[in-house]
Amino acid sequence: RASHERKAVVSTQSTWEYFKYIVYDNVIECAQDLIRFSVKIGETTYNGKTIDCRIRDPEVDKCARIIMKLKKQQETEITRDYADHLKRIWSDEGIQNTRFFGNRFNILDNAEHFFNQLD
């Protein structure tokens, strides 16, 4: 019985190891998509109102440049530094405005959940 329990724990740990990199990849890819479309959309008009999707804070722009350099599926751990960069990007007004147009570029439905869990 103890052997069976150990196998279950190992199996659960290896399953988590497998899935955590998928989650990490998805969060990083979502951030990269938001950054890319923030630039592409720029400033736009929607229903007669001007919406600015650009990242305007130089510190957030630095964070965005770092995240854009990450490669997909390189088994990147979301370190404290990466998490801080991702949180700053997510909280940026331009990125949140870009998120409003998410139906144009397939942003993950659960993106908000994952970004809010970076702590």
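## Overall layout

Read along its sequence, the protein chain runs α-β-β-α-α-α-α, a total of 5 helices and 2 strands. Here helices (H or I, at least four residues) and strands (E, at least two) are DSSP runs, numbered from the N terminus. This is a predicted model, in which local features need pLDDT of at least 70, side-chain atom pairs count only at pLDDT 80 or more, and totals for chains, interfaces and linings use all residues. Residues are numbered from 1 along each chain as its sequence is written, and side-chain values use heavy atoms, with hydrogens and water left out.

Of the 119 residues in the protein chain, 36% count as buried; buried means under 20% relative accessible area, exposed over 50%, and partly exposed in between (1.4 Å probe, protein chains only). Among contacts (heavy atoms within 4.5 Å) between residues at least 6 apart in sequence, 70% join residues at least 24 apart.

## Helix 1: a look at D33

D33 sits in helix 1 (residues 2–41) and is buried, with a relative accessible area of 18%. Its side chain makes a polar contact of 2.9 Å with that of R36. A polar contact is a pair of N or O atoms within 3.5 Å; within protein, one must be able to donate a hydrogen and the other to accept it, and residues adjacent in sequence count only if both atoms are side-chain atoms.

Helix 2 (residues 58–68) has V60, C63, A64 and I67 as its buried residues. They cover an arc of only 100 degrees around the axis, so they lie on the same side of helix 2; the arc is taken from the directions from the helix axis to the C-beta atoms. On the face turned away from that buried side are the exposed residues P58 and R65.

Now to H85, which is in helix 3 and is buried, at 17% relative accessible area. H85 touches C63, I66 and I67, leaving aside residues up to four places away in sequence. The C-alpha atoms of H85 and I66 are 8.0 Å apart, although 19 residues separate the two along the chain.

The axes of helix 3 (residues 80–91) and helix 4 (residues 93–100) come within 5 Å and cross at roughly 65 degrees. Helix 3 is therefore roughly perpendicular to helix 4, a term for angles of 65 to 115 degrees. Axes are lines fitted to C-alpha atoms, for helices over the stretch in contact, with angles running from 0 to 180 degrees between N-to-C directions. I89, W90 and S91 of helix 3 meet E93, I95, Q96 and R99 of helix 4.

Key
Parallel < 35°, antiparallel > 145°, perpendicular 65-115°, else oblique.
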